[in-house]
Amino acid sequence: MNPTELLRLVDSLHRDKNIDSELVFSAIESALATAVRKQRGEEIEISVEIDRSTGNISAVCDGEELDQAEIGRIGAQTAKQVIIQKIKEAERDSLLDEFHDQVGQLVTGTVQRSERGITTVQLGNMEAILPRGEQIAGESYHNGDRIRAVVYEVKAAGNRVKVILSRTKPQLVQRLFEQEIPEIAEGVIEINAISREPGHRSKVAVSSSDQRVDCVGACVGVRGNRIKNITSELAGERIDIVRWSDDPMVLIPSSLQPAEAEQVLLCDMIGRAIVLVKDDQLSQAIGKYGQNVRLASKLVGWDIEIMTAGELEEQIDRAITAFMELTGMTDDLAQRLVEQGYLSYDDLSVIEPDALMEMGGLTAEQVDEIVEQAEERAEEAERVAAEQKKLKKAQAFADQAAQNQAPVAQPAATESAAPEEAPAPSEATETTDDPDPAAVATPESTEEELNPPTTDAEQAPAPAANTTEEIMDETNATDRN
């Protein structure tokens with residue numbers, strides 16, 4: 001092995017691939033020692049050293065120094081393999097370092113292909129993937145499309161690096177705000193919290209360190225131009241901007257806007273916030289499928305419950321009555337539990353024993369007895385609720401099946417019954433409101449005049465048609481009932 005060439009290769013790896021030279025020298029020495037052992041046996045003692053300044057290789061095997069010719073023959077192939085391996089490892093480590101620093105950051109790439117729900121995105125000289133679960137529902141990506149996403153995860157896969165992107169994480173909303181709103185990038189406005197349901201709605205809480213800058217107005221922009229750009233990038237996702245406050249009594253009502261809250265009751269022990277609203281604000285505060293209150297709860301970190309004043313009174317009465325059924329419960333303790341926001345057996349089953357002991361002046365045994373009873377009743381209530389849900393689902397399925405059958409039965413009865421109702425006056429009464437026999441007989445007489453019967457065989461199908469007609473009429477009568 002030419003010492004000069006060896007030094008040049010090591011230096012080239014160090015400069016081009018950013019690999020430590022000492023790491024390469026050590027790897028080559030280790031590879032040469034392994035190669036000698038393969039030739040002379042695993043039990044030999046071998047020592048290989050490379051002069052860092054001249055590149056000369058010296059090897060001592062069982063106290064005998066090997067000549068340069070033999071070292072060169074052994075090293076020619078092994079050094080090459082080591083260098084190739086080190087190049088691959090260096091490239092992988094370099095990409096790992098590069099993309100590890102970009103986790104949570106916004107990147108822009110070009111869609112290469114989409115297969116089985118997985119979209120491959122070209123990021124410079126690196127291919128990343130956007131899994132189905134990290135895509136916004138309803139979006140479609142085509143080859144050549146430019147796409148923006150955040151780096152969600154980076155991991156080594158053999159000699160390769162796997163970069164996973166995401167368009168569903170709240171960080172994407174945050175990065176887009178930083179890009180579109182200069183005041184955020186400059187640090188004047190801060191994003192304090194984000195809650196998001198990708199593709200549907202997000203809530204972003206912001207605050208300003210400069211009283212002259214309105215944080216909400218700056219994020220919205222003139223005529224909403226700033227927020228429109230972000231919404232467009234997120235496939236039309238609705239974004240609510242909330243003014244942040246450290247006071248939950250202020251922040252919670254703001255997080256539920258545009259609904260108006262009348263009163264907020266904070267239950268610190270259980271982390272619950274009961275928000276009272278007027279009847280006409282109830283549905284807006286809860287939102288479609290509970291979306292508004294769900295996002296608000298995530299944003300502020302409190303378990304928000306929306307109800308009217310009347311509903312709260314009913315829940316309090318129901319909770320006190322239920323708690324008083326527990327052995328060891330007192331009126332005063334039940335009242336204090338309700339004041340702290342414990343409104344069900346399920347709430348009581350997760351109470352901290354020390355807190356209940358302090359609240360009611362109880363012993364550990366009494367607390368365990370109360371909690372155990374609450375757990376049993378909570379499980380029973382859950383079981384009953386599950387059964388009711390199952391029955392309700394079965395009833396809905398049966399109603400749907402009945403609705404599906406009704407349109408099929410009605411036209412058949414009308415078509416078959418109309419020309420042949422006359423021979424059966426009683427059936428004609430069910431299918432028509434006219435009780436006059438003459439009015440019923442007229443169509444039959446006209447039909448007989450136009451198409452007089454010829455043989456008995458041709459009239460044979462008539463009874464069968466009447467039987468079908470009767471069945472259909474009975475079905476119609478049942479449907480009307």
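## The largest cavity

By class, the residues lining the largest cavity are seven nonpolar, no polar and no charged. The model described here is predicted. The lining residues of this cavity are Leu32, Val36, Val48, Ala59, Leu66, Ile71 and Ile74. Helix H2 (21–40) and helix H3 are the elements that each give two or more residues to the lining.

The space in the largest cavity is about 40 Å³. The structure holds one cavity of 30 Å³ or more.

## The second largest pocket

The second largest pocket holds about 330 Å³ of space. It is lined by 17 residues, and those closest to its centre are Met126, Glu127, Arg160, Val161 and Lys162. Two or more lining residues come from each of helix H3 (68–100), strand E6 (126–130) and strand E8 (160–166).

## Packing of helices H4 and H7

Two packed helices are described by the angle between their axes and the distance between the axes. For helix H4 (residues 170–180) and helix H7 (residues 225–233), the angle is about 140° and the axes lie 10 Å apart. The crossing of H4 and H7 is right-handed.

On the H4 side, the contact is made by Leu176, Phe177 and Glu180. On the H7 side, Arg226, Ile227, Asn229, Ile230 and Glu233 take part. By class, the residues of this contact are four nonpolar, one polar and three charged.

Methods
Residues numbered from 1 in each chain as written. Predicted model: local features only at pLDDT ≥ 70, side-chain atom pairs only at ≥ 80, totals over all residues. Heavy atoms only, no water. Axes fitted to C-alpha atoms, helices over the stretch in contact; angles between N-to-C directions. Helix = DSSP H or I, 4+ residues; strand = E, 2+ residues; numbered from the N terminus. Left-handed = near helix turned anticlockwise from the far one by under 90°. Contact = heavy atoms within 4.5 Å. Nonpolar A, V, L, I, M, F, W, Y, C, P; charged D, E, K, R; others polar. 1 Å grid on protein atoms, 1.4 Å probe; cavity = no way out; pocket = protein on both sides within 12 Å on 5 of 7 lines; lining within 4 Å. Points joined across faces, edges and corners; volume = space filled by probe spheres on them.
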